[in-house]
Amino acid sequence: MTEPLVKVQDLQVHFPIQVHFLSREKPVVHALNGVDVEIDRGDAFCLVGESGCGKTTLGRTIMGLVRPTVGEISYDGERISGLRDQALLPYRRRMQMIFQNPYASLNPRMTVQQTLEEPLRFHKSELSDAEVREHTENVMVSVGNDPGWGSRYPHEFSGGQRQRISIARALMVDPEFIVADEPVSALDVSIQAQVLNLLMKVRKERQLTYLFITHDLSVVQHFGTRVAVMYLGTVCEMTTPKTLFATPRHPYSQLLLSAIPKLGRKTFVPVKVPGEVPSPIDLPSGCVFHGRCRFANERCKSQVPELKNYSGAQVACHAVEEDRL
Amino acid sequence: MSTLQRVWDSNFAYQFRRDPVAICSALVLLAFVLAALLAPWIAPQNPYDPLQLDLMNSKEPPAFGGQGNPDFPLGTDDQGRDLLSAILYGTGISLLIGIFAVMLQAVIGVSIGLVAGYMGGRVDSFFMRLADIQLSLSTLMVAIIALAVFQAAFGPQRYEDLAIFMLIVVIGIAEWPQYARTVRASVLAEREKEYVDAARVIGLSRARIMFRHILPNALTPILVISTVQVANAIVSEAALSFLGLGMPVTTPSLGSLIRSGFEFIFSGQWWITTFPSVVLIVLILAFNLLGDWLRDALNPKLYKET
């Protein structure tokens, strides 16, 4: 088996909460609690989960925007977590990110041309002006933008156009790995499909690997080759979209899938679940889902389940392990 | 030509054209700046050249009263200096000190505000406490102490030559927290935006992100406070000169002219103080009105009806 492109081992990220500086307690938000993820070359790896489950934090930590508290991230076999900014530069060329909100991710004071040229001139300063211009034009065309947009400012474009511009910016340095943080959730439904298809097209053309963060399960079905379901900073299930949609194994995955409304289904009976998502400040002991799980027993309350292989799916659940489901 | 057209058509220019107060204050300022710049050519005499002064002409009343000398339209001061010329030159000195002091404030304040806002944490706390300390000492107090020490250290002769630099430095340093706080506030808002993350993902250095990406987006409030700060700096300079710590009598600014005439106001020579005071008031008023208008025009939340 080949080495995965991105390997995340026991990743924990804690954010300190602002308290009075004389206070003795130092509460933290446990955004990620021991995440293990492997993304193979060529994957379109989807991360799903509800708001606040840590999927964006995972993406940002892999990109080096957030420092991990515990754990290790390797890229192409080399450890990249904890590196200095300078040492990270060679990897910055190979991994890029597409952001959620196209209205905030482009600098309003820079023209499209300046925005696109900046990463290229920074990473490949040996290129001549003509080469930079040519490359920019090619990338603009490949994402379906008019190359004549260069001298205009971001506010002159619609959301879908801006998102295509930020996709173009990510592609400028010819990366091999792209983290896409809910790239379509801020867009109009009619534009979502267009941008998704564009992402799929450039993936095929450039053999890209994606980490695709989303809360939309239909996007996973349409787009993903692998999928991880997250809940409260942990991965509960990791498998292919096909397996997930056919046979979800983790109780939380089952719950999540049951919440998708389907056309033609007369009666909509969602799986009932008591309570609310616990606070990430003081996490429940054992399995983070035990308080809301129908299958929870004493072991779930005390012991944290680990991801284990079950014919095509990795599931972190004692009930699945003990075949109680 | 097309840039000119774009500027003319912009919302900003449109609002300007519609606001008579803004137009008036801009015109007044323009007139003052031109008068100050052209002073060597339009002033009847050079008030800094002792050879042109004649003590026989001292304390002449303004010409328009019917009893003055037509050579001195606004009268003369106690040294026989033509008041109109002195005001023209003095306005230039006041504006020069005001503008350069504000530039110094802006450079110090913007850099500190940018670093404090972007770095956050301890760096932020350190600079902001420093700003609190600076603000708790009034500008005039700092300036009086500093200038008094300079004056004693350099001696009056040398001080006269250096006075203008000293005033710029002292006023510039005393007021940097205004800028630092304003810039920090907008940097805090800007750095959370995704375009900053995008710049970090590219791998750009902190300095480049701060100055190339964040600063241009945090400039609007700087422009607004700058106009008000120029007015403040001119007032501070006038106050210091009035106290005898600013510009010397040989190269008077508006403040020193007011001071030099103040001794004679009760013996009937009212014009020596009055004319520079009127000029100072109009100048400050124009700056402040323009600053108010700028603040309204650049704040989209304040779009006025109709």
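A residue counts as buried if 20 or more other C-beta atoms lie within 10 Å of its own, as exposed if there are 12 or fewer, and as partly exposed in between, with the C-beta atoms placed from the backbone. By that count B:Ala286, with 22 C-beta neighbours inside 10 Å, is buried. The model is a predicted one, in which local features need pLDDT of at least 70 and side-chain atom pairs count only at pLDDT 80 or more, while totals for chains, interfaces and linings use all residues. Residues are numbered from 1 along each chain as its sequence is written, and chains are lettered from A and ligands numbered from 1 in the order in which they are written.

To stay with B:Ala286 for a moment, this residue sits in helix H14 (residues 271–298) of chain B. Helices here are DSSP runs of H or I with at least four residues, strands are runs of E with at least two, and both are numbered from the N terminus. Leaving aside neighbours within four places in sequence, B:Ala286 is in contact with B:Ser25, B:Val28 and B:Leu29; a contact means that the C-beta atoms of two residues, placed from the backbone, lie within 7 Å. B:Leu55 is another matter: 231 residues separate B:Ala286 from B:Leu55 along the chain, and their C-alpha atoms are 35 Å apart.

As for chain B as a whole, its secondary structure comes to 14 helices and 0 strands. Its C-alpha atoms fill a box of roughly 75 × 50 × 30 Å along the principal axes. Of the 306 residues in chain B, 43% are buried. Among contacts in chain B between residues at least 6 apart in sequence, 70% join residues at least 24 apart.

Buried residues account for 43% of the 325 in chain A. Of the contacts in chain A with a separation of 6 or more, 65% come from residues 24 or more positions apart.

Next comes the place where the two chains meet. Chain A puts 18 residues into the contact and chain B puts in 13. On the side of chain A that touches chain B, the elements giving two or more residues are helix H2 (85–94), strand S6 (95–98) and helix H3 (112–123). The residues on this side of chain A divide into 11 nonpolar, 4 polar and 3 charged. In this grouping Ala, Val, Leu, Ile, Met, Phe, Trp, Tyr, Cys and Pro are nonpolar, Asp, Glu, Lys and Arg are charged, and the others, Gly among them, are polar.

Those elements of chain A turn up again around helix H10 (residues 194–202) of chain B. With 9 of its 9 residues buried, H10(B) is largely enclosed by the rest of the structure. The buried residues include B:Glu194, B:Asp197 and B:Arg200 as well as B:Val196 and B:Ile202. They pack against H2, S6 and H3 of chain A together with helix H9 (176–191) and helix H11 (206–217) of chain B.

Back in chain A, helix H5 (residues 159–171) and helix H6 (residues 189–206) pack at an angle of about 15°, with their axes 10 Å apart. That angle makes H5(A) roughly parallel to H6(A), the label for angles under 35 degrees. From H5(A) the contact draws on A:Gly159, A:Gly160, A:Gln163, A:Arg164, A:Ile167 and A:Leu171, and from H6(A) on A:Ile191, A:Gln194, A:Val195, A:Leu198 and A:Val202. By class, this contact has 6 nonpolar, 4 polar and 1 charged residues.

A:Asp174, in the loop between H5 and strand S7 (177–181) of chain A, has a positive phi near 50° in a residue other than glycine. With 15 C-beta neighbours inside 10 Å, A:Asp174 counts as partly exposed. A:Glu182 lies in the loop between S7 and H6 of chain A and has a positive phi of about 45°, although A:Glu182 is not a glycine. A:Glu182 is buried, with 21 other C-beta atoms within 10 Å.

Key
Axes fitted to C-alpha atoms, helices over the stretch in contact; angles between N-to-C directions. Parallel < 35°, antiparallel > 145°, perpendicular 65-115°, else oblique.
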